[in-house]
Amino acid sequence: MSDNILEIRDLYTSFRSETDGSVTNVLNGVSFSVPRGSILGVVGESGSGKSVTMLTVMRLLGKNADVSGNIFFNGQDLLQLSEEEMRKIRGGRISMIFQDPMTALNPVYTVGNQLREMIRLHRPDIKDVNAYAAELLETVGISDGEKRLKQYPHELSGGMRQRVVIAMALSSEPEILIADEPTTALDVTVQAQIIDLIKDLTKKRRMTTILITHDLGVVAGVCDSVVVLYAGRICEKGTAREIFKDPHHQYTKGLIAAVPGAVPGKRLVPIEGTPVNLKAMPKGCAFFPRCTKAMEICRDELPPDRTFSETHSACCWMNELPEGFDPFAKEEEK
């Protein structure tokens, strides 16, 4: 059995406009692997392709989406499965939790109704469904599970609703848990609790977790490896230690510089400008318009993927310069 539970190779995802038929390329050749039993952080600003990557994995895209490439889950290409075969994997062997728990839960049904439905669907072997549902709530840190099963989502706090959503995702005992910005709608204290919960559950249940986030502070605390996305392309990937200690892409460096306390003694430095328009992508590096180190070649040609270790690689023209050479030295002297 491979050490990687999930392998994404040369993945392209585009969307056709239903009004004028134009095509927007959202993912442009994304490739990475997820080691079994690890926590992977997929990071980047809004619009970078994080959620679309995982929705492509789950095959939850609309009819106007076109996908090519390979998504191997335990050696099986998910893109080659029929919808019926995919339904056995989606929600069962691969579960996903979303940003806003209030939209993930149906307000007219009790927590118990919704949790029991998930259990019956994915765990028909469970005889005492109600007891298992209460046990799941206790597992995710909700006390008095029997009482909570009778409550409606609006009767719970935001943090408790997110815990319910996590319990529903865990009900099938998945091999992979995908968490899409699971703390965005929560306050700082509850965010930390939810992240600690996900980390703890990953270890105890021997799952593999993919954490989608724009918060590098969260990534630094829980993730084993990191994939940095920008405009549907991977800028950099590596272990969390490699990414934070020795970043090689200017976008990665910019994200780290914007994290409070990431660089001791230095003020926060925001990344100037706005994310690139996917309908008007530059010929070269997509980060070129916002990069403080941009060169002419960055505008005209895509940078090659340079490897620094077995796990660490980045696509940036600055990596191709001779060691010690600074193209901006003369400009600074002037």
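A: A word on terms before that: a cavity here is a set of grid points where a 1.4 Å probe fits but cannot get out. The model is predicted.

Q: How many cavities of 30 Å³ or more does the structure hold?

A: The structure has 1 cavity of 30 Å³ or more. The volume of the largest cavity is about 90 Å³.

Q: Which residues lie nearest the centre of the largest cavity?

A: Gln250, Cys285, Cys291, Cys298 and Cys316 do, out of 13 residues that line the cavity.

Q: And what is the lining of the largest cavity by class?

A: The lining has 10 nonpolar residues, 2 polar and 1 charged.

Q: OK, new topic. How many residues does the largest nonpolar core have?

A: That core has 58 residues, and Leu115 and Ile166 have the most contacts inside it. Helix H7, covering residues 158-170, gives the most to this core, with 7 residues.

Q: What is leucine 115 in contact with, leaving aside its neighbours within four places in sequence?

A: With those neighbours set aside, leucine 115 contacts Ala133, Leu136, Leu137, Leu149, Ala167 and Met168. There is also a second, separate core of 30 residues, with Ile5, Leu40, Met58 and Ile210 among them.

Q: Where is threonine 110 found?

A: Threonine 110 sits in the loop between helix H3 (101-104) and helix H4 (111-122).

Q: Is threonine 110 buried or exposed?

A: Buried means under 20% relative accessible area. Threonine 110 has 10% relative accessibility, so it counts as buried.

Q: And what is threonine 110 in contact with?

A: Beyond its neighbours within four places in sequence, threonine 110 is in contact with Arg116, Leu149, Lys150, Gln151 and Tyr152.

Q: Now the whole protein. How many helices and strands are there?

A: The secondary structure comes to 13 helices and 12 strands.

Q: What share of the residues in the protein is buried?

A: Of the 334 residues, 47% are buried.

Q: Last one: what share of the contacts with a separation of 6 or more comes from residues 24 or more positions apart?

A: Those residues account for 63% of such contacts in the protein.

Terms used. Residues are numbered from 1 along each chain as its sequence is written. This is a predicted model: local features need pLDDT of at least 70, side-chain atom pairs count only at pLDDT 80 or more; totals for chains, interfaces and linings use all residues. Side-chain values use heavy atoms; hydrogens and water are left out. On a 1 Å grid over the protein atoms alone, a cavity is a set of points where a 1.4 Å probe fits but cannot get out, and a pocket is an open set with protein on both sides within 12 Å along at least five of seven lines; lining residues have an atom within 4 Å of a point. Grid points are joined across faces, edges and corners, and a volume is the space filled by probe spheres set on the points. Ala, Val, Leu, Ile, Met, Phe, Trp, Tyr, Cys and Pro count as nonpolar, Asp, Glu, Lys and Arg as charged, and the others, Gly among them, as polar. A nonpolar core is a set of buried Ala, Val, Leu, Ile, Met, Phe, Trp, Tyr and Cys residues joined through side-chain atoms within 4.5 Å. Buried means under 20% relative accessible area, exposed over 50%, partly exposed in between (1.4 Å probe, protein chains only). Helices (H or I, at least four residues) and strands (E, at least two) are DSSP runs, numbered from the N terminus. Contact means heavy atoms within 4.5 Å.
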